[in-house]
Amino acid sequence: MNITIAIFFVIGIIALVGALGVVASRNVVYSALFLLLSLIMVAGLYILLYADFLAIVQILIYGGAIVIVIFFALMLTRTREMPLRLDNPKKPWAIVASLAAFALLATTTALTHWKILVTTPERVSYQVLGRTLFTQWAVPFEIASILLLVALVGAIVIARPGGRE
Amino acid sequence: MIPLEYFLILSAALFCIGLYGVLARRNAVLILMSIELMLNAVNINLVAFSSRLAPSEFLGQIFAIFVITVAAAEVGLALAIVIRLYRNRTSVNVDEIDIMKW
Amino acid sequence: MPSINLPGMEWAWLIPGLSLLAFAIIVFLGKRLPGKGSYVAITAIGLGFILFWFVLKDLLYSRPATFNVTWFDVSKYSLKWGMIIDPLSVLMLGVVTSVAFAIQVYSLGYMKGDPRFGWYFAVQALFAASMLGLVLADNFLLLYITWELVGICSYLLIGFWYERRSAAEAAKKAFVTTRLGDVGLLIGILILFKQLGTFDMSTIFQAAQRGDISAGILTLVAILIFLGAMGKSAQFPLHVWLPDAMEGPTPVSALIHAATMVAAGVYLVARSFPLFEVAPYALDVVAIIGLLTTLIGSTLALVMTDLKRIIAYSTISKLGFMMLALGSGGYAAAMLYLMTHAFFKALLFLGAGSVIHSTGKQDIREMGGLWRKMPVTAVTFIVAAIALAGLPPLSGFFSKDEALIAIRDAQSPVVYLLALVAVFLSALYVARPAFVVFFGRLKPENAHAHESPPVMTVPMMALAFMSIISGFFVFNWVGPLFGLPAQFKGFGAFLFLEHPEAFHFDVMLAVYSTLIAIAALGLGWTIYHKGLISPASIMERFAGVHRVLVNKFYMDDFYQAIINRVVLAFSNLVALFDRRVVNDTGVNGTANLTAFAGYRLRYHETGKFYDYALAIALGTTLIVIVAFLVT
């Protein structure tokens with residue numbers, strides 16, 4: 001067992017623990033913190049996959065933006081209802097469904113014979129990635145920016161006070 | 001080199017934990033967090049496949065970037081809806097929002 | 001010399017096509033056209049008549065042919081629109097276009113001022129189109145379609161004055177009665193299709209002549225086809241609709257119920273003659289039904305008092321006579337009779353229409369001495385009557401003698417004798433309206449009667465001309481007279497290109513058939529004109545017979561009883577089934593089940609987010625597992 005695989009296991013286990021914390025914690029703020037932990041571990045996985053740019057994006061957007069927004073949302077929607085019940089009555093079924101899905105995915109992964117074409121993975125340079133994104137993928141990129149704009153406007157319109165309350 | 005299957009199993013586990021969160025939680029914000037977990041699992045898959053099967057084209061990375069973009073937009077909108085919901089009903093529990101039926 | 005530029009046989013489809021176009025134009029634009037579109041219909045049929053001559057000329061200088069286009073293909077079968085151009089269909093083209101043209105012109109005067117004037121001409125055009133399509137059809141499917149189209153036109157025109165209850169009832173009766181025969185025709189056609197996989201006539205006839213169909217099935221098919229002909233041509237026992245059909249306008253009776261549509265049955269049997277020839281017993285059935293029909297028709301024509309009904313029963317008797325001739329193998333004779341009958345019977349109806357138009361009455365007992373008031377009508381009517389009676393040299397004489405020769409050669413002496421009786425009776429029954437209506441004393445209430453306008457009398461004169469001369473077509477010198485190729489000598493040779501049938505002329509038969517006709521006319525003269533023998537005293541002497549005849553052999557009552565007892569009882573049963581099983585169980589039951597299911601199932605739509613999400617997750621997993629296991 002070489003060192004990269006050991007690192008992979010460490011990162012992966014932390015990510016899974018974080019994920020379990022998100023779905024099992026009895027405190028919503030702890031959940032959010034666990035989410036942050038898990039997402040940063042995923043960034044580590046990206047580095048193990050030689051996707052440095054993506055790792056940076058992951059930390060910036062997920063760690064820096066999305067989790068913060070989620071914190072705000074949690075703050076603004078504090079309920080005073082006590083005791084706090086975070087799980088719904090269909091929890092046993094949820095366990096069944098997720099275990100079934102995992103069994104299916106794991107079986108499929110194990111049974112499939114993967115044709116690995118690469119023996120030595122290579123790093124994609126930022127320059128090449130950026131050039132490709134702005135030439136070959138320029139149109140989807142612009143559409144994505146329009147999508148963000150629309151989401152921005154929509155979020156403002158929906159969350160704005162006023163209107164029919 | 002880490003085998004592809006490791007990433008796939010990890011991503012499957014992450015995905016299913018997220019799925020469990022979506023199914024079992026009743027707080028809308030917690031459900032959104034679980035959805036983020038699922039999206040990340042998908043991204044891991046995309047990048048892993050790309051890196052192991054065709055690294056020179058890095059299509060998976062490009063895809064992951066777009067997925068992250070869409071996820072950001074989705075979170076922004078969804079949280080706006082949650083806030084609006086809270087203001088109207090002083091609750092963000094999805095099982096209390098059930099008037100859109102027969 | 002036929003030029004390439006002249007329209008020929010391949011243009012024949014235009015003849016019905018023009019009338020169909022006229023129908024469409026009148027229906028859609030009729031209200032804005034001058035004369036409500038009547039001129040469109042007349043132009044269309046007139047052009048058709050002109051085209052007929054080109055087709056005839058082309059046929060005389062070339063060989064019979066068929067033209068068709070594929071309508072659609074169903075696996076290995078292909079359905080076609082097609083037309084057959086041979087002497088038989090061209091003869092019918094000529095008869096239908098000429099008579100229809102004359103009668104449509106006549107209708108301009110007769111129907112003047114009718115509130116549905118435009119609609120009348122629209123249906124006339126549709127009728128002409130369907131009838132011409134019927135005679136041109138080269139396959140049984142197209143024939144059946146047009147067959148039903150002429151049926152619906154007949155229905156519409158009989159019930160043209162549908163405000164009158166009797167007209168609506170008569171239309172219904174005609175439609176339902178002919179439908180009985182049509183079902184037989186359809187079954188026959190379908191049996192042929194099942195046997196041979198085609199509707200095409202010439203293929204079917206060749207197969208039948210070769211013996212590809214077993215004799216039993218062939219006889220069945222021939223009799224089923226004849227059943228269709230019986231309905232259309234008002235043969236016993238389906239003749240009951242034709243007298244009632246006189247509720248329609250008189251030109252309609254002349255065109256549809258005397259000259260063309262009712263002759264379609266005769267045409268159908270003649271067209272399918274190759275089938276009847278090889279089918280054992282089928283021709284005997286045709287002959288027997290024809291004989292019964294002609295006797296029933298001619299006896300009933302003697303006692304009717306309604307002018308149009310007298311002529312209607314005369315039509316029945318003459319159609320029976322044609323069938324008898326066909327059943328005796330007198331193919332050419334029957335077709336000749338069909339042609340001459342179309343002219344003189346249409347003329348009789350037009351004359352009757354002229355009288356009715358002028359006096360407003362239909363009962364011959366209220367008429368008399370009208371020849372002074374309407375000389376043209378009187379002369380043409382008498383010409384038609386003499387043609388019908390069969391005096392030489394008018395057309396009826398030749399057609400009747402041809403038919404009698406065929407009957408004498410093929411049938412037993414008893415049948416022949418009865419046919420001669422029918423000849424006698426027909427001269428007698430036509431003498432009655434001729435003498436009673438036009439001679440004798442003019443009744444004062446008819447003093448205002450006047451001759452009809454030229455638009456009506458000119459077509460009558462044209463038909464009178466044809467009634468006089470159309471018999472001469474039988475002679476072998478007719479063809480050479482017009483410079484036609486050698487094989488077209490006369491009528492029989494024209495119809496039978498392969499086996500020319502020369503004109504038979506039996507002097508003895510001609511003499512005594514003429515004597516019979518003269519005797520009948522003379523008897524009619526003594527009874528109905530001179531009054532030497534009082535009709536009333538005959539009535540008293542044979543009161544029983546007279547009662548049976550006036551009640552039309554009680555056939556209408558018999559049918560009514562069957563309808564009341566059997567049909568209505570069965571209908572009630574069906575209605576009960578419909579109400580209980582179809583409505584309550586089938587329709588309402590399904591609706592109730594759906595409503596109940598919805599009522600119970602809607603509580604499973606909780607509206608809760610996690611129920612839906614769970615369903616999606618489990619469902620997707622399940623689908624993937626199933627797909628995984630299947631592949």
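In which sense, left-handed or right-handed, does helix 14 of chain C pass helix 18 of chain C?

Guide: This is a predicted model, in which local features need pLDDT of at least 70, side-chain atom pairs count only at pLDDT 80 or more, and totals for chains, interfaces and linings use all residues. Residues are numbered from 1 along each chain as its sequence is written, while chains are lettered from A and ligands numbered from 1 in the order in which they are written.

Helix 14 of chain C passes helix 18 of chain C in a left-handed crossing, that is, the near helix is turned anticlockwise from the far one by less than a right angle. Helices here are DSSP runs (H or I, at least four residues), numbered from the N terminus.

On the helix 14 side, the contact is made by L307(C), I310(C), S314(C), S317(C), F321(C) and L324(C). Their partners in helix 18 of chain C are A419(C), A422(C), S426(C), Y429(C), V430(C), P433(C) and V437(C). Contact requires C-beta atoms, placed from the backbone, to lie within 7 Å. By class, this contact has ten nonpolar, three polar and no charged residues; Ala, Val, Leu, Ile, Met, Phe, Trp, Tyr, Cys and Pro count as nonpolar, Asp, Glu, Lys and Arg as charged, and the others as polar.

Another pair in chain C may be set beside this one. Helix 11 of chain C passes helix 15 of chain C in a left-handed crossing, and the contact of these helices has eight nonpolar, no polar and no charged residues.

Definitions and conventions: Helix = DSSP H or I, 4+ residues; strand = E, 2+ residues; numbered from the N terminus. Contact = placed C-beta atoms within 7 Å.
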